[in-house]
Every structure is written in C-alpha cells, then in structure tokens.
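Open your viewer and get ready to click along. We will stop at a few places, and at each one you will select something and see what is there.

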Amino acid sequence: MNDQTRRKFLLNTAALGCSAAASPLVTPVTFASTPWDNRLVVIVLRGAMDGLDVVRPYGDKMFAQHRPDLAKTDAIDLDGFYGMHGGLSDLSPLWDQGQLAFAHSVSTPYRNKRSHFDGQDLLEAGYASLDERRRMGTSGWLNRMLTLVPNVETETAYAVGQDDLLLLQGDAPHASWAPGRSLLMSAQGQLLLNRMYESDPLFHASAEVAIELTEDLMAIGDMDGMMDEMDSMQDQMKANNQAIKLAKRAGALAEFAADRLNEDSRIAAFSIGGWDTHRNQKVIIQKPLSQLSTAILTLREKLGANWDKTAVLCMTEFGRTVRQNGTQGTDHGTGGAMLMAGGAIRGGKVYGKWPGLADENLFNNRDLMPTADVRSYGAIAMRHLFGIAPNDLERVVFPGLDIVDDPRFIL
Amino acid sequence: MQTQTFPNSVSRDDTQTAAPRKAVFRVGFRNHMARNFDGQMNLFRIMLMYRETLGVMVLQIDEQAAIRFGFGLSPNQPNPQDLSSVLAQLNGVDTFAIKFPLYSTDQGLNALSDFAAARKVEKTGAADGAAMVKSQKKIVRQLSQQTYRNLFARAVDSTDGFRERLSWFWTDHFSVSARGRKLGVLMPTMIDSAIRPNLSGKFSDMLMAVNLHPAMLEYLDQSSSIGPNSDFAQKRKNKGLNENLAREMLELHTMGVGGGYSQTDVRELAELLTGLRVNAKGVRYNPVFAEPGTEYILGKSYGGEEEELRHIKQFLRDISVNPITAKHLARKLAVHFISDMPSEDLIEHMADKYLASDGNLHEIYSAMLSHTSAWETPRAKVKQPFDFVVSVHRALGGSGQGILALKRGRFNSQTHVPMRLMGQNFLQPDGPDGWPEDGEHWITPAGLAGRVQFAMQMAETMDGDVDPRAFVTQAVGRDASKDIHLAAARAESKIEGLALILASPDFNRR
C-alpha cells in the first residue's frame, strides 16, 4: 500500500475485542493466518440492475415485444439465446476465456414490496424474510460465514468504499477502507431531487445547475481544497466527465481490493450504485455498466496470478419490470440476473432455468419469474472456495436456504 | 412509471402517532392561551381552520416551535409543547452558554495585549521574539477554534432553541465581522457579554452593552472619532468626527434606514459619542476627546457643561423606546422568524406590546409567538446556512459533546467550511447590515449545490444505519410533503435517501 492509501486508511474496529492496536497495519502481518488461498469478491449492485437488459434473452420471441426500444440497443451475442449489453463489451474477452458467467432469473426471497432498502437489506443480510432479518439483528451473510472459520483476522475480509456494507457486519472481525470523499449522487437520486424541487419555485430555479455543480463538488473530494476548485468549476461542468470520474472511482475501489487480496485478505466487498433506471435507461445504464466493467478488469489486472483463485459475484437487490415503461426505462421488479467473473469461475455460460416471457409466465404479470434463490449461488461459491459445510451454509449463513442443485459454476 | 404505490403504511402510522399528541397539546395550548395571551381567540380559530381544511393534517405547533423558532427537530430532544415553556425558558438560566463556554472579553483583550507585546519583542530583534509571536499566534488560533466548536455545540445541543436562535438574531442585528486578528478575537466575546445576558430584558440594556463593547467600537472606527473642538483636537490638526458608529446606530441598531432621522441627527449623535474609545484594556470614556456642548438629536438635547458617558446612555435609553425603533425591531424579528413579508398587523401588534412595556424584549417575543401569523404559512423562510448545518446535525442525532469530540479536520468539514460553499462565512458577514434574509439570496445554484453536497456528506456519516422512510418524519416533521416520502422510499440507497431528505425544500425551510 502506498503512503497515500495508507494515510486515507481507516480501520473498522467494530469487531469483537479488536482494537486498533491489533490491526495488521500497526503490527506486522502474520502470513500463516490466512485460512484459505481462494479469494471471493462480492459486488453489491445498488439500485436494482436490470438483468433483462444486461443479459438479454433474444432467443425468447416475447423479449422484443416487451421492450421494443430497449431490445434494440447494442448487444453482443453470448450463446445464440442470450446477448450481453454492449456497455459490457470490454468484458467480451473474459467470456471467451471462460472467466465470465451469468446466472439468470435469480432473486432473493424478497417479494412484492420492491423497496430498494428492504431488498438490499435482505440481499446483504442473507435471511429468508425481513421478519427474520429484524429478529436476528444486524449481521450479513459474509460475516456469518467468517464466524464459522478459525483463524479469521481483521484483515481477512474487507469492506471497501463509503458505505460499511451490511454484508460484512456482525460478530466476526473485518476491516474497512474508504477512499477520499467521492460519493456521487446516482441518476435516480438526481431525478428524485429534481422532483422535490419542482414543487418549490425558489429551489426549482436553481436546481438544475445546482445538481451539476454538486457532482463536481463531490468529485473534487476534500473539502478544504474545494474553495480553490470553485473557480475552475465552470470549465469542469462543460467537460461533463462524470462517467469517467465514476469509472475511475470504481477502478480505485477494485484496485484497493486487489492490493489487499494479494496480501492477507481473502474476501472483499464493495458496491456500485446507479442502476435505478426508471427513465432513459439506454443512456443512464451506461454509467454503472462502465463502472462494473472497469472494476472487474481492474481486479483481473491487479490480482495477476491470484485472479485464477478468485471468484467475483455481482448481485443486485431485485430485477426490473419485463416491459419497458413510458419513459424509456423500467421499474422495480423481481427476478433478475447476477454476474460472475474470475479465474475460479466456470465461465462462458449463462446459468439458471429460463422461465419464459409470455404473459402467463411473469411474476404478478409484470416481473421476470425467479427460478432460483440468488443466495444459493453465494452458498455454493463459499462451499467450493472455502470448504464451508452445506449444513452450516443452510443453517448459519443463509438460514432456511435449501441448496437443491449445484450448477457447478466454480471450477 | 412504476406502479409501486406511495407507502400507505407511512401515512397511517403518522396519523396513529400524531393523534394522541395532538390531543394533549390542544388542551395544554388552549389553557395556556386563556391564561396568558390576548391572541387566544385568533389562535383557536386558526387551529380549527386547519383541522377542517386539512383533514388529518393538524397544525404541528410543537414541531413548528422547534423548526421555526429553534434549530430544528432532534431525535434526542422533546419538542417544546407550548408557547409558555418556550418563553419561560428564556427567563431561566442560560444552561448551554454554561455548558459550552466561550472566553471572556477580558481574556480576549489580554490575548491581544500579549500578542502586541510579543510583536514588540520581535521587532527589537531579540532572539526569542519570533518564538514568542508564534506561541501567541497559537493561543489566538486556539481561542478561535474553541469558540467555533462551542458555538456549534450550543446550537446542536440546545433544548432552549428559541434562546439560541435569538442570540444569533441579535448577533446579526448588531453585526460585527470577525475578520482579522483583533476582531476575530473580540467579536465572539460580544455574544456572551453583551447579547446573551440581555436577550429577554430591556432592549436598551442590550443596545448599551453592545455599543459599549470593544468589538463594536473597533469595528465601526469609534476610536478615530474626535470632537473637532475637543481638548485633544486643539493640540493636533486634521482630527475630526467619524460618523460610522452614529450612522449605524440609527440606521441599523434602532430606527432603521428611512427611519426619519436627518443627517444633522447623525452628526449630532457622532458628536455625542466622541469620548467613547477603545484601548487595550477595553472601552473607556475619555472627555479629552469629547466634543463640548449640548447635542440636539431627534428634537432632544443631550449633554451640556460636563461631557460624561451618562449622556450617551440616556440617548440610548430614549431611542430604544422610540416608536420607529419599536417598529423596526418588530419588523426585523418577524422577517427573520416568520416570513420575508410579514403582515403589518403582526408588526403593529409586536411594536405596541414592546412600547407598552417600556421596551421589554420578552414582551415583543411573546407578542410575536402569540400572534396567529407566527403559525401560519409554515416553512415560508429559507434556513440560512448556519441554521441548515446545525439542523442537519440535530436531525442526524448529533449532540454538543459529539461536536466537541470531532477531530479538527472533521469538525471543520462538517461545520463552517461547507457553510462557505453555501454562501455564509461563519461569523464574518460582509457588512454591518448582517446577512440577507431573503430566500433568493441563499438558494442560488452554487448555494444549493453546497447544501446538496453537505446533505450527501452527512448522510454518508450514518453508515447506512438509518432507514430514510422513518427519517422523513424525524427530520422534517409530521407534515412532510408526499414528495419527500416518495423520494425517501424510492432512493436507491439509504445514504441517498437521507441525503434527499436533508436536501429537500421542506428541510431547508423553516
């Protein structure tokens, strides 16, 4: 870790009895402590990624009918049935080399309410229902898995980024790291902000330029340097390089994660937001796609030889409506897709049972019908990567999960 | 658009929890009104009106009291339940000034003297001169940092919100910019020595305390004003009056611009004020600098044979109860607390009560709070950046101790630094007329961007622990608009949800 990252480093010592003095950054690292050699990266895709847009079922004749406009944008054929969104074209080589895979029509057990928070909460907590989540308290499935493993150190698992992921919260120790202040508001956040401002003429008059300025303020980073940057802001606004900034940020998170995984860490988790594409989806989804693509390619590059021992699981809280809406976007749905990458993945394949897009096959006549619990993919990955017993996975990590079959997506 | 409906459960919960509180409050409020205020009929009527026209939405006086007349809602504090408790607190002990103390005026003056002494040593070329100056600079810097901390801590922590808001109102009314070393050190001491002790007594006491405070005299150049016929001027040439303090006293502190005073009044007042000076020990009256003779101001004569401080005090007492002053103060208070365009009826009412009580501030406040229009048109005002920043900390459950415990960089980036982006330099207004009141001044693209950015920044500090759907009512109140509930429910992450609520027009208004 260079001095810059070291300086910005912050350790989460929320773990049991773990003080800052015991952190691996202050005391020398002991290399014998790592429980395994395989690596797992979990990327939470916040905002509900549209699985039907990212992995398009062109082979289903209903697809183009449900999505007359969205189905037309650039895509890359995967296997004759599915096509991958053109925004992920940089990942094509990984597909060809068998290092990229998808699972389609998956979901958490969350149904009907379609709230981002509840959906993400359940995805990260890993419980079967929100009631259980409330009853069991605050812990995430990755953390509960760590409680089953001896020799887990703070350094073993990393939460990377601004939000301390629920995924890693709980009794087992974990570390967290956040780069400089660079959180940007998502397209959906901006839309909601604009909507609130619309009804207040005073705020409405300033809103549009203000929101653009905010992005630049966010991107500038440290507050003390902000005033100096104010002057050059007009130029920055014109450049409109937010997408590049976002991708850089995702790359920075991935690079940090790779650095740690090359040392004593074996698990890293972070999130990529911006998937809530209620309108103008073909434009808005480009930003999170380019972040995701950058993150995966950065992991591959920086992990070097360790990439072969790595599985990256990218999960989202739920999918989006099968039919495109009246504003060239999609609304909150149920079944979605997940993305898997890494040398430890048996790639070049779209896993999962396809439920079909005929009206009678849809969930609530609007959403993709889930055919598998997304948690089972997490469970199977941990079973093969880390040797966690199925009984523990179904009892402690994902209580109530029934691992029916193993699609053997881990090499 | 999505078919997800607006969460009905939220509004249902709201009415369920609001109903009992409302009932309790109504009784207390009505009894109280009957005892203390003659505005009770009006208020009662308006409460009925709200109930009838808005159905479930009730007049949330407890929340309005905290938002409009305090620094906003805090999950750690009960809202004031009626007007009498708001006013009664004002007469009690200034708990939060004691809990979060500032240094005294004398301590400030001493620090400046020590600094000047160190500078003197440095100029002689003595070996330790530079080190002395450096250490004095450090002391001054520490004073300033402590002051910033404690001022924010008071506002965030206070359960006596109206007192805090009043203290800032009067600090702004008697604006002194804490720019430069001297005023940087002296200005904050004016708050606790001249303003807060006199918040709810006679206005003349505050007027005197402020205008006999070294910060004000320094800021308005009083020491350079010398009576043209004074003993001092007899010996030196090119010395004369400086009208600065006299003009601002009339234009800003008392009658207001267009208050009917003439240039002659300004000049006569400037002559009366000569002799009032500030030196290293503080404010002194020195007759050597005073213009001899009687001054005629607004039709009344002051002074005569002996030049004495008591003549100035007499003038301040007189002008404090001038009907034009009464109206000016009433209007400023109403504009600050209620609306950029307050009703004339309200201003008359306040000014009348003030004059009838011989210039008692407590009476002008109680007249304002008991007037119907104090509770009408909720959220007509835009929070100034300081209010906004403080209310964000409060909404997120911040405390005074929490503010004191922040590391320095974090304290700066969560308080006065973002305020600059929103257009307000903490303790440094651009001129003696203080900060503008109109919303248009604050809600500009750059100012609003600063607020949205701050909202995001502070939302992040909550680590996703707070559910935005519950936070709407906690932060904005039970009357939060449907748009905010929608934004909170639809945001794609908890952090963004909180940020949207804090950036909402409702939260930015009071």
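Before the first stop, one definition: two residues are in contact when they have heavy atoms within 4.5 Å of each other. Keep in mind, too, that this is a predicted model.

**Stop 1: two helices in chain B**

Which residues meet here? From H4(B) come B:Val86, B:Leu87, B:Gln89 and B:Leu90, and from H8(B) come B:Phe162, B:Arg163 and B:Leu166. Sorted by class, this contact has five nonpolar residues, one polar and one charged.

**Stop 2: another helix pair**

Stay in chain B and select helix H6 (residues 105-123) together with helix H7 (residues 129-157). The two axes come within 8 Å and cross at roughly 160°. Angles over 145 degrees count as roughly antiparallel, so H6(B) is roughly antiparallel to H7(B). The crossing of H6(B) past H7(B) is left-handed.

Now show the side chains. Among the H6(B) residues that meet H7(B) are B:Ala111, B:Phe115, B:Ala118 and B:Glu122. On the H7(B) side, the residues include B:Met132, B:Val133, B:Lys137 and B:Leu143. By class, the contact of H6(B) with H7(B) has nine nonpolar, two polar and four charged residues.

**Stop 3: a strand in chain A**

Move to chain A and select strand E6 (residues 157-160). Where do its side chains point? A:Ala157 and A:Ala159 point one way, while A:Tyr158 and A:Val160 point the other way, and all are buried.

- Strand E8 (residues 267-272) of chain A runs parallel to E6(A), joined by three bridges. Look for A:Ala268, the bridge partner of A:Tyr158.
- Strand E7 (residues 175-177) of chain A is also parallel to E6(A), again with three bridges. Here A:Val160 has A:Trp177 as its bridge partner.

**Stop 4: two positive phi angles**

Select A:Asn112, in the loop between strand E5 (100-107) and helix H5 (116-125) of chain A. A:Asn112 is not a glycine, yet its phi is positive, at about 75°. Is this residue buried, partly exposed or exposed? A:Asn112 is partly exposed, with a relative accessible area of 45%.

Finally, pick A:Arg408, in the segment after helix H16 (390-397) of chain A. A:Arg408 is a non-glycine residue with a positive phi, near 55°.

Definitions and conventions. Residues are numbered from 1 along each chain as its sequence is written. Chains are lettered from A and ligands numbered from 1 in the order in which they are written. This is a predicted model: local features need pLDDT of at least 70, side-chain atom pairs count only at pLDDT 80 or more; totals for chains, interfaces and linings use all residues. Side-chain values use heavy atoms; hydrogens and water are left out. Buried means under 20% relative accessible area, exposed over 50%, partly exposed in between (1.4 Å probe, protein chains only). Helices (H or I, at least four residues) and strands (E, at least two) are DSSP runs, numbered from the N terminus. Two strands pair if DSSP finds at least two bridges between them. Axes are lines fitted to C-alpha atoms, for helices over the stretch in contact, and angles run from 0 to 180 degrees between N-to-C directions. Angles under 35 degrees count as roughly parallel, over 145 as roughly antiparallel, 65 to 115 as roughly perpendicular and the rest as oblique. A crossing is left-handed if the near helix is turned anticlockwise from the far one by less than a right angle, and right-handed if clockwise. Ala, Val, Leu, Ile, Met, Phe, Trp, Tyr, Cys and Pro count as nonpolar, Asp, Glu, Lys and Arg as charged, and the others, Gly among them, as polar.
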